Amino acid sequence: MFNKTKHHIFITCTPKSGSTYLLRLLESLLGYEVRIFIAAFDRTEQDLFEPKIINNLNINTVSHQHTRCTDNNIRLLKKHHIKPVVLTRNLFDSVISMRNHMLQEPENSWWPMGYVDHNFYDLPIERQYDFVIDLLLPWYINFYVSWQRYAQKEELLWITYEKLFSAKEETLQEVLQYYGIKKKVTLKDIEKHEKKIEGKTRKTQTKIAKETVLLTEIQKEKIKRLAQYYPDVDFGKLGL
């Protein structure tokens with residue numbers, strides 16, 4: 001059933017890491033079909049759903065989803081010859097961006113990272129940041145550590161939000177090379193297709209954020225402490 005002539009770009013990412021931008025840019029640049037390989041959008045984990053993969057094996061696809069590295073997810077990726085790209089962002093900036101996104105789209109209050117309900121929107125700003133740090137960020141740490149462990153023994157392309165937007169041409173070329181896609185992408189190509197995808201991406205800042213001043217020192221320390229449970233893991237890609 002697997003068509004070896006087709007490419008499947010699979011971006012697994014933390015929220016607010018620029019993944020929608022990367023997804024839509026690759027869709028436009030390559031002419032690939034956007035497909036999401038999960039059973040349904042809900043409060044559940046975005047684990048791989050094999051029927052969705054099988055239904056799209058014979059077309060070129062690009063996907064992005066918040067999928068942790070589990071044995072079953074890896075089993076399905078390997079079974080269908082799909083290599084993952086991991087995309088993450090500085091944790092401090094992620095807290096700011098996540099809280100802003102939740103306020104901008106209150107109707108989309110379901111998240112696999114934690115249970116968000118109407119109470120969140122009644123909280124003062126500082127408590128909203130606390131909510132994200134206390135209840136959602138542990139998922140980010142689990143996501144990061146799971147893929148870090150995988151990267152220690154398997155080939156893996158890991159890119160960051162910061163590099164994606166500071167070195168777009170280099171980053172896009174790395175993605176294409178990783179998947180064996182023989183295409184040269186220039187900055188001019190990228191700028192051309194960025195215009196085509198305007199309106200298809202959320203208003204995530206397309207530059208490295210400088211908003212961590214909005215967090216208190218206590219909140220920043222709480223974020224740092226989450227990483228201390230894994231002393232042998234390098235959290236540099238999360239800005240820690």
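**Labels and their cut-offs**

Reader: Why is Lys16 called buried?

Author: Lys16 has a relative accessible area of 13%. Buried means under 20%, exposed means over 50%, and partly exposed is what lies in between (1.4 Å probe, protein chains only). At 13%, Lys16 is under 20%, so it's buried. Before we go on: this is a predicted model, where local features need pLDDT of at least 70 and side-chain atom pairs count only at pLDDT 80 or more, while totals for chains, interfaces and linings use all residues. Residues are numbered from 1 along each chain as its sequence is written, and side-chain values use heavy atoms, with hydrogens and water left out.

Reader: Where does Lys16 lie, and what is its phi?

Author: Lys16 sits in the loop between strand 1 (8-13) and helix 1 (19-30). Helices (H or I, at least four residues) and strands (E, at least two) are DSSP runs, numbered from the N terminus. The phi of Lys16 is positive, about 60°, although Lys16 is not a glycine. His81 isn't a glycine either, yet has a positive phi of about 55°. You'll find His81 in the loop between helix 3 and strand 4.

Reader: On to charges. What makes Glu33 and Arg35 a salt bridge?

Author: A salt bridge needs a side-chain nitrogen of Lys or Arg within 4 Å of a carboxyl oxygen of Asp or Glu. For Glu33 and Arg35 the closest N and O atoms are 3.6 Å apart, so the pair qualifies. Glu33, at 40% relative accessibility, is partly exposed, and so is Arg35, at 28%. The structure holds 15 salt bridges.

Reader: How do you know that Lys79 and Glu50 pair up, and which parts of the chain do they link?

Author: Their N to O distance is 2.8 Å, which is within 4 Å, so that's a salt bridge. The two are 29 residues apart, with Lys79 in helix 3 (residues 71-79) and Glu50 in helix 2 (residues 50-54). Lys79 is partly exposed at 47%, whereas Glu50 is buried at 17%.

Reader: What about Lys168 and Glu194?

Author: At 2.6 Å from N to O, their side chains form a salt bridge too. Lys168 is in helix 7 (residues 168-178) and Glu194 in helix 8 (residues 187-196), so the pair ties together parts that are 26 residues apart in sequence. With 18% relative accessibility, Lys168 counts as buried.

Reader: Is Tyr144 buried or exposed, and what is it in contact with?

Author: Tyr144, in helix 5, has a relative accessible area of 0%, so it's buried. Contact means heavy atoms within 4.5 Å. Beyond its neighbours within four places in sequence, Tyr144 is in contact with Thr88, Trp158, Val233, Asp234, Phe235, Gly236, Lys237 and Leu238. Tyr144 and Cys69 are 75 residues apart in sequence and 8.7 Å apart in space, C-alpha to C-alpha.

Reader: And what makes Gln128 buried?

Author: Its relative accessible area is 3%, under the 20% limit, so the label holds. Gln128 is in helix 5 (residues 125-151). Its contacts, leaving aside neighbours within four places, are Arg99, Leu103, Phe120, Tyr121 and Leu123. Gln128 and Val62, 66 residues apart in sequence, are 33 Å apart in space between C-alphas.

Reader: Why does Ala227 count as buried, and what does it touch?

Author: Ala227 is at 10% relative accessibility, again under 20%, so it's buried. Ala227 lies in helix 9 (residues 217-227). Not counting residues up to four places away in sequence, Ala227 touches Ile141, Phe235 and Leu240. Ala227 and Val145 are 82 residues apart in sequence and 9.3 Å apart in space, C-alpha to C-alpha.
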